[in-house]
Amino acid sequence: MSGPSPPDADPEPAADVDPTAAFELLADPTRFAILAAIAESSEDEYRGTLSFSELRERAGVADSGQFNYHLDRLVGPFVRRTDGGYGLRHAGRIAYRLAVSGLLADHDAVDVAALDAPCHVCGGRLAATYEGDRLRVGCRDCDRRVAVGPFPPRALTAHPPAALLRAVDRYLAGITIRAAANVCPWCGSPMAASLDPAGEDWPGVEVVVDNRCDRCHGFVVTRVHDLIRYHPAVVAFCYEHGVDAVQSTVWDLERELAGLTVARDGDDAWAARATLTLEGDVLELGLPASARVGEIAVLEE
Ligand SMILES: [Zn+2]
Ligand SMILES: [Zn+2]
């Protein structure tokens with residue numbers, strides 16, 4: 001089996017656009033109305049491409065000359081002109097989605113939900129809270145954090161309450177899956193990862209996986225659970241013991257893998273050893289300094 005062949009030569013780098021000049025283009029209500037009109041047309045028969053007159057009508061601009069001026073400014077960074085009309089470039093979609101996500105304003109602190117599962121460390125209550133633009137699942141009693149990450153505030157009320165925490169978990173899982181696969185969730189560049197000693201904001205945790213992107217300075221810090229859960233030996237071992245390593249929420253998985261210990265190991269090829277015990281059976285893994293799933297070794301099964 002062969003994969004796609006690499007390009008013969010480096011692709012042309014993208015043309016540099018001054019970001020302040022590009023963002024300035026959006027500082028006008030008519031232009032934002034144009035972006036919104038195209039974005040919202042993707043739901044209907046226009047499939048995200050509108051003719052000049054259709055776009056003007058949808059954007060609600062009566063003066064054709066004024067409309068033409070504003071539309072012309074957007075063509076390039078945010079809008080693409082094709083034979084079929086005007087469509088959004090990906091940057092235009094990102095700008096529109098940022099606006100409708102609610103992420104441009106801080107959200108008041110709210111209690112989102114109490115979780116069914118108890119804290120496996122202290123037996124206390126796990127709860128989800130939201131503040132600013134981040135959702136945190138943690139223990140109210142020992143103050144341990146289980147998961148923290150960005151979540152668009154308008155999505156808090158978009159899901160039925162019973163489905164919200166699952167949605168948050170999958171949203172964050174999408175971020176950690178990409179980071180674990182060496183792909184920055186935000187800009188697509190490679191991420192460098194390392195196994196680091198956990199700081200004091202991770203009480204009771206020895207080692208964390210620190211993924212960093214040099215391009216956009218994105219970062220994803222996870223527990224070792226989120227590194228090993230996608231290794232096929234772990235998936236199979238968990239499955240044999242009734243645990244779904246791939247689909248479980250972060251908080252269910254950490255409780256189910258409460259028998260996981262991680263020890264840093266300076267003496268041999270491995271940066272750390274992870275020992276997973278389920279129902280008396282043991283799976284021992286060697287974790288590489290690169291903290292990459294594909295380089296994890298099964299040491300004992
Ligand atoms: Zn606790
Ligand atoms: Zn990045």
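Tutor: Begin with the word contact, which means heavy atoms within 4.5 Å. Keep in mind throughout that this is a predicted model.

Student: Which residues is Arg255 in contact with, leaving aside its neighbours within four places in sequence?

Tutor: Arg255 touches Ala117, Pro118 and His120 once those neighbours are left aside. Arg255 sits in helix 9, residues 250-256.

Student: Is Arg255 buried, exposed or partly exposed?

Tutor: Buried means under 20% relative accessible area, and exposed means over 50%. Arg255 has 28% relative accessibility, so it counts as partly exposed.

Student: How is the packing of two helices described?

Tutor: Two packed helices are described by the angle between their axes and by the distance between those axes. Here, helix 2 (residues 29-41) and helix 5 (residues 90-101) pack at about 100°, and their axes are 10 Å apart. Helix 2 is therefore roughly perpendicular to helix 5.

Student: Which residues of helix 2 and helix 5 meet?

Tutor: Helix 2 contributes Phe32, Leu35, Ala36, Ala39 and Glu40, and these meet Gly92, Ala95, Tyr96 and Ala99 of helix 5. By type, the residues of this contact are 7 nonpolar, 1 polar and 1 charged.

Student: Next, the cores. Which residues touch the most other members of the largest nonpolar core?

Tutor: The largest one has 27 residues, and Leu276 and Leu287 touch the most other members. Several elements give two or more residues to this core, including strand 8 (192-197), strand 9 (207-212), helix 8 (232-240) and strand 13 (281-287). Strand 12 gives the most, with 4 residues.

Student: What is Leu276 in contact with, beyond its neighbours within four places in sequence?

Tutor: The contacts of Leu276 include Val234, Phe237, Cys238, Leu257, Leu260 and Val282. Another core, of 25 residues, lies apart from the largest one; among its members are Ala128, Val137, Leu156 and Trp251.

Student: How many salt bridges does a search of the whole structure find?

Tutor: A salt bridge is a side-chain nitrogen of Lys or Arg within 4 Å of a carboxyl oxygen of Asp or Glu. The search finds 11 salt bridges. In one of them, Arg144 pairs with Glu254, and the closest N and O atoms are 2.9 Å apart. This pair links distant parts of the chain, 110 residues apart: Arg144 is in the loop between strand 6 (134-139) and strand 7 (145-150), and Glu254 is in helix 9.

Student: Which other salt bridge does Glu254 form?

Tutor: Glu254 also bridges to Arg223, with 2.6 Å between the closest N and O atoms. Arg223 is in strand 10 (residues 219-223) and Glu254 in helix 9, so this pair ties together parts 31 residues apart in sequence. Through shared partners, salt bridges join Arg144, Arg223 and Glu254 into one network.

Student: Why do Arg144, Glu254 and Arg223 each count as buried?

Tutor: Apply the cut-off for buried, under 20%. Arg144 is buried because its relative accessible area is 5%. Glu254 counts as buried because its value is 3%, and Arg223 because its value is 15%.

Student: Where else is there a salt bridge, with Asp226 as a partner?

Tutor: The side chains of Arg229 and Asp226 meet in a salt bridge, 2.7 Å from N to O. Both Arg229 and Asp226 are buried.

Notes. Residues are numbered from 1 along each chain as its sequence is written. Chains are lettered from A and ligands numbered from 1 in the order in which they are written. This is a predicted model: local features need pLDDT of at least 70, side-chain atom pairs count only at pLDDT 80 or more; totals for chains, interfaces and linings use all residues. Side-chain values use heavy atoms; hydrogens and water are left out. Axes are lines fitted to C-alpha atoms, for helices over the stretch in contact, and angles run from 0 to 180 degrees between N-to-C directions. Angles under 35 degrees count as roughly parallel, over 145 as roughly antiparallel, 65 to 115 as roughly perpendicular and the rest as oblique. Ala, Val, Leu, Ile, Met, Phe, Trp, Tyr, Cys and Pro count as nonpolar, Asp, Glu, Lys and Arg as charged, and the others, Gly among them, as polar. Buried means under 20% relative accessible area, exposed over 50%, partly exposed in between (1.4 Å probe, protein chains only). A nonpolar core is a set of buried Ala, Val, Leu, Ile, Met, Phe, Trp, Tyr and Cys residues joined through side-chain atoms within 4.5 Å.
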